[in-house]
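This briefing is meant to be read beside the sequence and the coordinates.

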Amino acid sequence: MVRAAVPEFAGRVQERFGAYRHHVLATLRKDGAPRLTGLEADFRYGELWLGMMVGSRKVLDLRRDPRFSLHANPGPGTDLSGGDVRVSGRAVEVTDPEVVARYAAVVKPPEPFHLFRAELTQAVRTYIQDSCVVLESWVPGRPLRTIRRTSDDAALRVE
């Protein structure tokens, strides 16, 4: 969906997630508090896939409340090459044996495993350009929004 709406932006987001294998997933605990855990995310077949160990807390969280956020691994150092990227949405558990088998044949995760397909509701990329912090934000049904700020700005400049 992101790729169809804003292909260049989607490419930058996917490239940033592809730079490292492990990322940080935020789910909601039973009491509503956030839970942060490591996760291997995979862009395949034009979608974002989330694979998890059987019985993990994140599986239980997503079954109870499918909302999630996923933050791309920032990598070593402080330069954030490619920007800081995060996506949010709803995780849909995949139970079709053919889809799970097709995924497993290519990715070869430790089995058994749970597989979720991400339905994104937001993608955000933040980076530094010249003396500005630039924030690109995409939400389904809206154009890409770009905000540029410096520490001297009294107000946001939305493009």
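The pLDDT is the predictor's confidence in each residue, on a scale from 0 to 100. The model is a predicted one, and the mean pLDDT of its protein chain is 90, with 92% of the residues reaching 70 or more.

**Confidence along the chain**

- Among the elements of the protein chain, strand 4 (residues 67-71) has the highest mean pLDDT, 98, whereas strand 9 (residues 157-158) has the lowest, 59.
- Where pLDDT is low, the predicted coordinates should not be read in detail.

**Helix 2 and its two sides**

- Helix 2, which runs over residues 7-18 and has 12 residues, reaches 16 Å from its first C-alpha to its last, close to the 16 Å expected at 1.5 Å a residue.
- The buried residues of helix 2 are Phe9, Ala10, Val13, Arg16 and Phe17, and because they cover an arc of only 125° around the axis, they lie on the same side of helix 2.
- Glu8, Glu15 and Gly18 are exposed on the other side of helix 2.
- An α-helix has 3.6 residues a turn, so residues three or four places apart point the same way.

**Aromatic pairs**

- A search of the whole structure finds 4 aromatic pairs, one of which is formed by Phe17 and Phe43, a tilted pair with 5.9 Å from centre to centre and 50° between the planes.
- Since Phe17 belongs to helix 2 and Phe43 to strand 2 (residues 34-44), this pair ties together parts that are 26 residues apart in sequence.
- Phe17 counts as buried because its relative accessibility is 3%, which is under the 20% cut-off, whereas Phe43, at 24% relative accessibility, counts as partly exposed.
- Tyr45 and Trp49 form an edge-to-face pair, because their ring centres are 6.3 Å apart and their planes stand at 90°, an angle over the cut-off of 60 degrees.
- Within that pair, Tyr45 is partly exposed with a relative accessible area of 37%, while Trp49 counts as buried at 3% relative accessibility.
- Tyr45 and Trp49 also belong to a cluster, in which ring pairs link them with Tyr103 and Phe113.

**Arginines over ring faces**

- Tyr45, already named as a member of the ring cluster, has Arg102 lying over its face, at 3.9 Å from the ring centre.
- Arg125 lies over the face of Tyr127, and the distance to the ring centre is 4.2 Å.

Key. Residues numbered from 1 in each chain as written. Predicted model: local features only at pLDDT ≥ 70, side-chain atom pairs only at ≥ 80, totals over all residues. Heavy atoms only, no water. Helix = DSSP H or I, 4+ residues; strand = E, 2+ residues; numbered from the N terminus. Expected span 1.5 Å × (residues − 1). Buried < 20%, exposed > 50% of the residue type's maximum accessible area, 1.4 Å probe, protein only. Arc of directions from axis to C-beta. Phe/Tyr/Trp six-rings, centres within 6.5 Å; stacked < 30°, edge-to-face > 60°. Lys NZ or Arg CZ within 6 Å of the ring centre and 35° of its normal.
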